[in-house]
Amino acid sequence: MKQTPVLEGAFVSDPEPALVGSRCRTCETVAFPASFTCPNPRCAQKDVVATPISRTGRLASWTTVHFPPPPPFVAPDPFEPITVVEVEFASEGIQVVGPLAGASAEGLRMGMAMETVVEPYYSDDSGEVIGWKFRPAEGDADG
Ligand SMILES: [Zn+2]
């Protein structure tokens, strides 16, 4: 089945699933999704390069959504509640939101290690759309 990334260049699957952001060559500010310029207002150079994000971070927040989000989100019909988590990547100084994978919200606790996975978001006639999700990780966070 044909697989299309939900956001081109935002993640890799090989050799392991990881997000890809941008890093400023001057001030080291990291952005996700990747930015074409440095988001730091005090930075003079603004020269950014693609950078891999740590595979694991820490759970900073989560919520369970009981109604379908608006487009471009493609909701299954009938809609099933989904849990969305916010993961802090301390080494990069960013937080990233994504769907929860491989667990239910009842098992979550603040600060637990979460790892990045790449899984299908939905499928349609043209194939699967894949994107990043976060699942509880074995062991500790990278950063
Ligand atoms: Zn900068």
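Me: Two strands count as paired if DSSP finds at least two bridges between them. In this predicted model, what joins strand E6 to E9?

Reply: Strand E6, residues 56–65, is joined to E9 by 3 bridges, and the two run antiparallel. Because at least two bridges are required, these 3 bridges qualify E6 and E9 as a pair. Within E9, the residue that stands opposite Gly57 is Met114.

Me: How do you know that E9 is joined to E10 as well?

Reply: Between E9 and E10 there are 10 bridges, again with the strands running antiparallel, and a hairpin of 2 residues connects them.

Me: Why are strand E1 and strand E8 called edge strands?

Reply: The open sheet has 6 strands in the order E1-E10-E9-E6-E7-E8, with mixed pairing, and strand E1 (3–5) and strand E8 (94–99) each pair on one side only.

Me: What makes Leu19 stand out in the largest nonpolar core?

Reply: Of the 19 residues in that core, Leu19 is among those that touch the most other members, alongside Phe32, Val85, Val87 and Met114. Setting aside neighbours within four places in sequence, the contacts of Leu19 include Phe32, Ile53, Val96 and Trp132, where contact requires C-beta atoms within 7 Å. Elements giving two or more residues to the core include strand E3 (18–24) and strand E9 (113–124).

Technical notes. Residues are numbered from 1 along each chain as its sequence is written. This is a predicted model: local features need pLDDT of at least 70, side-chain atom pairs count only at pLDDT 80 or more; totals for chains, interfaces and linings use all residues. Helices (H or I, at least four residues) and strands (E, at least two) are DSSP runs, numbered from the N terminus. A nonpolar core is a set of buried Ala, Val, Leu, Ile, Met, Phe, Trp, Tyr and Cys residues joined through C-beta atoms within 7 Å. A residue is buried if 20 or more other C-beta atoms lie within 10 Å of its own, exposed if 12 or fewer, and partly exposed in between; C-beta atoms are placed from the backbone. Two residues are in contact if their C-beta atoms, placed from the backbone, lie within 7 Å.
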